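Colleague: I am new to this structure and would like to be taken through it. Could you put it on the screen first?

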Amino acid sequence: MGWVGLGFAACSPGSGPMASWAAASLSRAATRLFRVPSPGVRVAFPGASQPEPRCFGPAPGRTLHVSMSAPAGHNKWSKVRHVKGPKDLERSRIFSKLCLSIRLAIKDGGSNPQLNSNLANILEVCRSKNMPKSTIEAALKMEKTKDIYLLYGCRGPGGSSLLIEALSNSSSRCQSDIRHILNKNGGIMAEGAHHSFDRKGVVVIGVEDKEKKVVNLERALELAIEAGAEDVKEAEDEEEKNIFQFICDTSSMHQVRKKLDSLGLCSVSCSLEFIPNSKVQLADSDLEQAARLIQALGNHEDVIQVYDNIE
C-alpha cells in the first residue's frame, strides 16, 4: 500500500487483510506485555544492553524480555484513554464502527462469510459484542461500491504516532476533516508515522478455558509458545472483562487460533491490526490532549479505528 501526500494512503480495499484490521477495533484495550522463558531461552530485564527482539518462540538461545509495566487497566494512559461516555452512546459508537468494518469486508471479498474469512471474523466480533441481528443484517445490505479505504499516518501530542483507518466515499472530504481535527487537537499529518507500527494477527482468548478454569498469565505464555504466537498481552475489553491477546504473524493467525482452541482455550475472535513496535511516554498534559484527539478522531463517522503507540 503506497503512502502519498501528507501521510495518508488511499486505495481500493482489494487486499483482504484491510478488513480484518478493522475487526480489531472493538477488541483493543490498554495492555501489558509479558514474556517468560522456555527451555534454552535467556531472559533480559529492562536496562540490559542486548537488542530487543520482536518475538519469542521455542527456538534455543533466543532472548526474551520481561516488561515491568503496570497491569492492564492500571496505568495512567489506560485510565485517560478509555474514559467512556454514557453506556448507550458507547454501544451505538461500537456498532457504527462494526458496520463500517462489515462494509469494508464485503467490498474486499463479497457478502458470503463462508467465502470471505475477513467478513466471518468481523461477524464473529459483532456477535461477541451482542450486536443486534437486525443491525448486522442491515449492515450486510449496505455495500457501497464507491467506498474507499483510507489510512492516515499522524503525529500526536508529545511525539506520539497515530494510524487512522477510515472508509469513505470521498477521500478529499475525509482527509480535510481529519486534518482539521488534528490541527485543533495538537496533531499533524505525518508520512513516517506508519513506521512505528507492524501489522500483526491478534487472537483474543477468554481468561477461562473450556473446563471453566481460570488461565493465569504463566500458563497463557506457555501455550503461546506451543501455539507459535509471538507475544501475549493482558487486556480488558470494552466491558472491562479480562482477556488475553495472542500476537502472531499475519500468515499464521488462523493456525495459531486453531492450536490454542485444541489446547483447551476459548477463543473469542481473531483479526489483523496494527501493533506499535515502539512506544513513547507522555507527560500528563500530553496524555490528556492525546486522549481528546483520539476521541475526536474516533467520533468521525468515517473513522473505523485509531491506533496509537502511547505507553
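Predicted model: local features only at pLDDT ≥ 70, side-chain atom pairs only at ≥ 80, totals over all residues.

Colleague: What pLDDT does the chain average?

Modeller: The average is 78, and 71% of the residues score at least 70; pLDDT is the predictor's confidence in each residue, from 0 to 100. Over residues 1-70 the pLDDT is below 50, and this stretch has 204 contacts in the model beyond near neighbours in sequence. Contact means heavy atoms within 4.5 Å.

Colleague: How many helices and strands does the chain have?

Modeller: There are nine helices and twelve strands. These are DSSP runs numbered from the N terminus, with helices being H or I of at least four residues and strands being E of at least two.

Colleague: And how many of the residues count as buried?

Modeller: Of the 311 residues, 50% count as buried. Buried means under 20% relative accessible area, exposed over 50%, and partly exposed in between, with a 1.4 Å probe and protein chains only.

Colleague: Which residues touch the most other members in the largest nonpolar core?

Modeller: They are Val 203, Val 232, Phe 244, Phe 246 and Leu 260, in a core of 20 residues. A nonpolar core is a set of buried Ala, Val, Leu, Ile, Met, Phe, Trp, Tyr and Cys residues joined through side-chain atoms within 4.5 Å. At least two residues of this core come from each of strand 8, helix 7, strand 10 (242-248), helix 8 (253-262) and strand 11 (267-276). Helix 7 gives the most, with six residues. Apart from this core lies another, of 16 residues, including Ile 178 and Leu 293.

Colleague: Which residues of helix 7 are buried?

Modeller: In helix 7 (residues 217-227), the buried residues are Leu 217, Ala 220, Leu 221, Leu 223, Ala 224, Ile 225 and Ala 227. As background, an α-helix has 3.6 residues a turn, so residues three or four places apart point the same way. Gly 228 follows helix 7 and has a positive phi, near 90°.

Colleague: Back to Phe 244: what does it touch?

Modeller: Leaving out residues up to four places away in sequence, Phe 244 touches several residues, among them Val 203, Ile 205, Leu 217, Ala 220 and Val 232.

Colleague: Is strand 8 buried or exposed?

Modeller: Eight of the ten residues of strand 8 are buried, so this strand is largely enclosed by the rest of the structure. Strand 8 pairs with strand 11 in the antiparallel sense over nine bridges, and Val 203 stands opposite Cys 270 in strand 11. The pairing of strand 8 with strand 10 is also antiparallel, over six bridges, and Gly 201 stands opposite Cys 248 in strand 10. Two strands pair if DSSP finds at least two bridges between them.

Colleague: Changing topic, where is Asn 130 found?

Modeller: Asn 130 is in the loop between helix 4 (117-128) and helix 5 (133-140). Its phi is positive, near 60°, in a residue other than glycine. Most residues other than glycine have a negative phi. Asn 130 counts as exposed, at 51% relative accessibility.

Colleague: And where does Lys 212 lie?

Modeller: Lys 212 lies in the loop between strand 8 (197-206) and helix 7. Although Lys 212 is not a glycine, its phi is positive, about 65°. Lys 212 is exposed, with a relative accessible area of 65%.

Key. Residues numbered from 1 in each chain as written. Heavy atoms only, no water.
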